[in-house]
Amino acid sequence: MHTIQDIRNIVFTGHTGAGKTSLIEALLFQAGETTQQGVIEKGNTVTDCDPLEQQHQHSLYISVATAHHAGCHINLIDTPGYPDFQGQVLTALSAADTVVVVINAVAGIEPMSRKIMEWASQQHLPCMVVVNRIDAAPDKLEKCLQEITEVFGRECLPLELPVNHAAQVVEVYDHESGAADFSSVAAAHTALIEQVVEANESAMEHYLEEGTVPAAELHEAFEQALRENHLVPVCFTSARTGAGIPELLDIIAKLAPNPLEATPHPFIRHQGEKTVETWAVPDPDKPLLAHVFHVEFDPFVGKLALLRVHQGSLKLGSQVLVGVEGNPVKIAHLYRLQGKERIPVQQAVAGDICAVAKISEIEPDTILHERHEDDGVEISGMTLPTPLVGFALRAKKRGDEQKLSDVLHKLVAEDPCLRIEYDTAANETVLRGLGDLHLRIALERMDKQYHVEVEAAPPRIPYRETITKSVQAQYRHKKQSGGAGQFGEVQLEVEPLERGAGFEFVNRIVGGAISGSLIPAVEKGVRQVLASGAISGHPLMDIRVTLVDGKMHSVDSKEIAFVVAGRKAFMQAVAEASPIILEPLVDLEVTVPAAAMGDISGDLATRRAQIHDAQADAAGNMVIQAKIPLAELNDYASRLNSLTGGEGSWAIQFSHYEPTTEKTQQALMAKYQVAEV
Ligand SMILES: Nc1nc2c(ncn2[C@@H]2O[C@H](COP(=O)(O)OP(=O)(O)OP(=O)(O)O)[C@@H](O)[C@H]2O)c(=O)[nH]1
Ligand SMILES: [Mg+2]
């Protein structure tokens with residue numbers, strides 16, 4: 001049974017293709033967890049265990065495996081490197097004590113790695129850089145290290161150096177001299193130790209006075225330097241040849257922080273109206289606090305929740321409380337995971353990672369706890385990016401609607417950056433994600449894993465209608481067929497308001513031409529048109545409607561008559577007030593390699609974009625800022641991918657409404673008339 005001191009929680013992050021999954025595979029093999037090292041191309045790695053991951057040869061979800069080495073229980077968390085799946089990385093950070101950013105030695109620092117480094121330092125998480133694929137670029141490693149210090153900072157220092165033309169590596173924490181492919185072991189050792197002792201006064205004193213630091217004190221200073229991001233060690237590996245793999249495993253066991261040495265993860269506690277920051281105490285004997293950092297659905301065990309125990313111990317057969325409701329549940333199945341394999345365990349102590357199955361009350365981010373006073377505890381995580389790219393979905397087969405809805409809820413539970421929206425105006429279910437690939441993988445999963453056939457179409461663009469001049473209109477509603485009749489007459493004035501002003505209804509009736517009790521009926525009629533649109537079926541905005549006059553009948557003037565009169569008068573007024581259709585514009589930020597700049601701006605020009613800024617960032621990429629109609633972005637993700645070879649990224653945010661083109665307006669109006677007939 002391992003203790004908290006034996007645990008290491010390492011999350012592997014970095015740009016797609018850097019070799020995270022392969023690296024974990026090599027570490028598992030080195031530690032003797034597997035008898036054969038799996039290969040991405042064969043689809044037989046431990047952590048790419050999902051059929052879609054194997055088919056695409058890319059990780060899509062968080063996956064956990066454990067290596068046992070030098071008395072340590074090392075939890076290795078694999079994450080996807082595609083930007084579309086960054087939600088998985090952000091949630092995995094909440095379970096980790098060390099963030100390993102894997103860099104592809106051939107490609108150097110790529111966009112996702114830079115982003116992850118920022119996130120990790122925002123959270124003060126200990127970081128390590130692993131330069132992988134050194135077999136493929138033995139001559140580029142010195143330059144790669146230089147780039148790392150330039151981009152990530154001078155805290156990045158080699159903890160290893162490649163030797164024998166990158167066939168091996170030498171660790172420079174213990175080794176004080178020897179040759180290396182570049183620099184020297186002595187120089188790297190001195191630089192590392194000097195950086196470490198700067199973090200700790202007593203270690204610094206020993207170093208200055210005696211030239212050496214006692215091992216335990218140096219270890220403590222090393223951990224402190226990691227926590228303060230004063231040191232980011234750089235290692236070198238080849239998952240393919242095995243170079244640097246035994247050394248990396250040793251380093252993880254010896255120098256990566258255990259949960260007691262790591263940066264504690266912050267929690268918040270809701271106390272009535274107030275929220276206060278709080279910390280878990282990584283002590284197995286304290287009351288339980290365990291955080292669900294990932295949920296997945298297994299065809300055999302159903303809902304499987306991955307947890308990091310932050311305080312106390314989670315025991316098989318125990319009763320725990322779930323989330324803010326504090327509902328009691330029994331832990332009937334407790335596992336540790338080895339990719340898709342579930343290994344039953346009796347308990348998970350503070351600091352450890354485990355999985356529980358078949359507890360329907362558990363959602364992503366749920367806290368399992370023991371005392372009702374902890375019902376209001378939540379983990380305080382990073383803000384996730386907003387999913388903006390969408391598909392409107394419909395089940396192909398009639399009767400599959402409920403199945404589709406169930407599947408969508410599962411997909412959203414598995415990925416915090418997928419979202420379901422219901423557009424009631426269009427009667428559409430829209431699935432939103434961070435990009436085209438994100439949504440396409442979700443569609444593929446619906447088809448291949450859940451066997452529900454769907455039709456996907458671009459979602460309806462939220463167009464709006466408005467008017468461009470002021471007019472008055474009058475309408476008399478009169479119905480006299482048997483019994484009591486209906487009579488109502490209203491005179492309205494409509495005026496355009498400035499963009500974004502919304503809607504105003506003003507009553508200017510004086511002298512009781514319409515009784516006060518019937519005026520809300522007129523407004524009701526007007527609002528019906530406001531919501532459903534007058535010319536294209538889209539809501540109206542930026543309009544003031546003034547009720548200027550009207551007539552009533554002492555017997556026949558009921559509410560319904562004035563609702564109808566209000567509606568008809570408003571429709572008539574809008575038709576005469578030169579109505580136009582507005583479309584939403586968004587602020588678009590595109591980051592692309594400088595070489596792709598020409599193609600990208602040319603393409604944007606064909607999409608009616610107005611580029612207002614283009615600047616190089618620190619890594620030499622171009623960052624373009626533009627305003628662009630949302631309607632022009634339906635296929636942008638795949639276009640950007642093909643123009644930049646997958647190197648581009650983009651983000652949008654709503655900006656404002658502007659009149660759409662004459663052509664779009666005519667098309668929308670024609671479509672509406674056809675639908676109305
Ligand atoms: N030459 C060489 N190839 C490697 C090495 N490590 C991984 N690869 C190859 O690089 C490709 C990507 O490896 P993965 O392990 O899937 O990379 P990843 O970082 O997990 O990628 P994502 O899951 O998409 O984020 C595969 O074809 C691997 O065989 C290495 O050390 N040397
Ligand atoms: Mg992977």
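Domain bounds here come from an automatic or database domain assignment. On that basis the protein divides into domain 1 (4–255), domain 2 (266–331 + 348–379), domain 3 (393–410 + 417–457), domain 4 (465–578) and domain 5 (581–663). Domain 1 and domain 5 have C-alpha centres 35 Å apart. The model is a predicted one, in which local features need pLDDT of at least 70 and side-chain atom pairs count only at pLDDT 80 or more, while totals for chains, interfaces and linings use all residues. Residues are numbered from 1 along each chain as its sequence is written, and chains are lettered from A and ligands numbered from 1 in the order in which they are written.

Turning to the ligand, a residue is taken as near a molecule if its C-beta atom, placed from the backbone, lies within 6 Å of it. The shell around ligand 1 holds 21 residues, of which Gly 19, Thr 21, Ser 22, Ser 59 and Gly 81 come nearest. Helix α1 (residues 20–30) gives the largest share of this shell, 3 residues; helices are DSSP runs (H or I, at least four residues) numbered from the N terminus. By class, the shell comprises 6 nonpolar, 10 polar and 5 charged residues, where Ala, Val, Leu, Ile, Met, Phe, Trp, Tyr, Cys and Pro count as nonpolar, Asp, Glu, Lys and Arg as charged, and the others, Gly among them, as polar.

Helix packing comes next. Axes are lines fitted to C-alpha atoms over the stretch in contact, with angles running from 0 to 180 degrees between N-to-C directions. Helix α6 (residues 185–197) and helix α8 (residues 215–227) have axes that come within 8 Å and cross at roughly 80°, so α6 and α8 are roughly perpendicular (65 to 115 degrees) to each other. Gln 195, Val 196 and Val 197 of α6 make this contact with Leu 218, Ala 221, Phe 222 and Ala 225 of α8, contact meaning C-beta atoms, placed from the backbone, within 7 Å. The residues involved are 6 nonpolar, 1 polar and no charged.

Helix α8 also packs with helix α7 (residues 201–210), at an angle of about 130° and with the axes 9 Å apart. Here Ser 202, Ala 203 and His 206 of α7 meet Glu 217, Leu 218 and Ala 221 of α8. This contact divides into 3 nonpolar, 2 polar and 1 charged.

Finally, the axes of helix α12 (residues 519–532) and helix α13 (residues 559–576) come within 7 Å and cross at roughly 45°.

Key. Helix = DSSP H or I, 4+ residues; strand = E, 2+ residues; numbered from the N terminus. Parallel < 35°, antiparallel > 145°, perpendicular 65-115°, else oblique. Contact = placed C-beta atoms within 7 Å.
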